[in-house]
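Good morning. Please have a look at the chains on the screen, and then I will go through a few points.

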Amino acid sequence: MVTRGATLAAELHVALVAADREVWSGRATLVVARTTSGDIGVMPGHQPLLGVLESGPVTIRTSEGGTVVVAVHGGFISFADNKLSLLAEVAELAEEIDVQLAERELERAKAEGDAAAERRADVRLRTVSAR
Amino acid sequence: MGAQLRVYKRRIRSVTATKKITKAMEMIAASRVVKAQRKVAASTPYATELTRAVTAVGTGSNTKHPLTTQAETVTRSAVLLLTSDRGLAGAFNSNAIKAAEQLTARLEAEGRQVDTYIVGRRGVAHYNFRERKIADQWTGFTDEPAYADAKKVAGPLIEAIEKDTADGGVDELHIVYTEFVSMMTQQALDAQLLPLRLEEVAEEKPKGEILPLYDFEPSAEDVLDALLPRYVESRIYNALLQSAASKHAATRRAMKSATDNAGELINTLSRLANAARQAEITQEISEIVGGSAALSDATAGSDK
């Protein structure tokens, strides 16, 4: 019973959902995200949490030992009962990001002074480099 | 070929062409309903998680927020009406417009001023034709709404509700949309979106689930501040998707009955054409028989 509890507690269930689709879901041992008050790492057994996310890369260390990096453009993190939900209006897996396109967009946004687009492109590039 | 018969043949040809078109539109609409339904399903996880989070803050803290507190005296309400850009969908648009007009009448009877916001060219055209004021309008995305479109719609509405009523803001926000019940049933209905009644949101979640005591990061107020606009956006997004699915289902049904009617018309016309052809033949025969009889009478007469 104790061992079963221990193995169960060693991983948490993660659901990363964007407004129009479920981006990623699975088991993980550690999730690192940036909230408005700083970086936060959630491990199994963390106390219930509800926070506002900053735009930026979110790193998920999966149970199989892999790492999933996702670009999250604003949203929320909520954790309870070993279930972690990351809610984002827009979320992209690092593999889905087109680096050249993001670089071009960053240049264009800088030239036009479009702060929102610049931030989006910057988050994408940071996500790819964090992979 | 007689004139009568030629007219029937021409009409049959034209109705057959129309039938082909309506049949194609029916099949396109049917495939779009399935796609729209899939989009509704894909947006559900986000909506459920968001509802859970809103409930958690609403019940886990005593935070007050302009979006959740009912004004003591409501002087101005906003009504958001969702229609479609294109017609050929039976009573879809007129039902939604009728529901909005009933709601407007009810609110005005309670002594409130009503600002109307409209999505979809059909609704805009209806209001413009009657020279009624539209506070804001959006068109061009009703067939396949994206989340960005819902954001575009929600932005000015949230702004209006956060403004003081004296400065032209509104106290409450109602939404009129067409709920997609099933392929055969779609229902125009109105719902109050804001101020949010947290008790009602709490009722939406599955029974028997106990919410844990959350640690709010950075604070309950800030979380609620960020959460509520997203919640409104996601509700509007859901309403847009349901309206789109309903519109396609209504189009499918309208086109199906158009196709059926065309088929019936073709049957009737072919019968008439057959009768006309038969009458023509009968007439020709009697003309020949009459002619030959007259001829033989004449020759018989000259013999004598």
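I start with a term: a nonpolar core is a set of buried Ala, Val, Leu, Ile, Met, Phe, Trp, Tyr and Cys residues joined through C-beta atoms within 7 Å. Buried means that 20 or more other C-beta atoms, placed from the backbone, lie within 10 Å of a residue's own.

This is a predicted model, where local features need pLDDT of at least 70, side-chain atom pairs count only at pLDDT 80 or more, and totals for chains, interfaces and linings use all residues. Residues are numbered from 1 along each chain as its sequence is written, with chains lettered from A and ligands numbered from 1 in the order in which they are written.

The largest nonpolar core has 93 residues, and B:Leu80 and B:Val176 touch the most other members. Helix α6 of chain B, residues 220–303, gives the most to this core, 18 residues; helices here are DSSP runs of H or I with at least four residues, strands are runs of E with at least two, and both are numbered from the N terminus.

What does B:Leu80 touch, not counting residues up to four places away in sequence? Its partners are B:Tyr117, B:Leu157, B:Leu173, B:Ile175 and B:Val176, where contact means C-beta atoms, placed from the backbone, within 7 Å.

B:Leu157 is also one of the buried residues of α4(B). That helix has a kink of about 30° at B:Ala154, shortly before B:Pro156; the bend is the angle between axes fitted to the seven residues ending there and the seven starting there.

Lastly, 23 residues of chain A are in contact with 24 of chain B. β4(A) gives the largest share of chain A's side, 4 residues.

Key
Two residues are in contact if their C-beta atoms, placed from the backbone, lie within 7 Å. A residue is buried if 20 or more other C-beta atoms lie within 10 Å of its own, exposed if 12 or fewer, and partly exposed in between; C-beta atoms are placed from the backbone.
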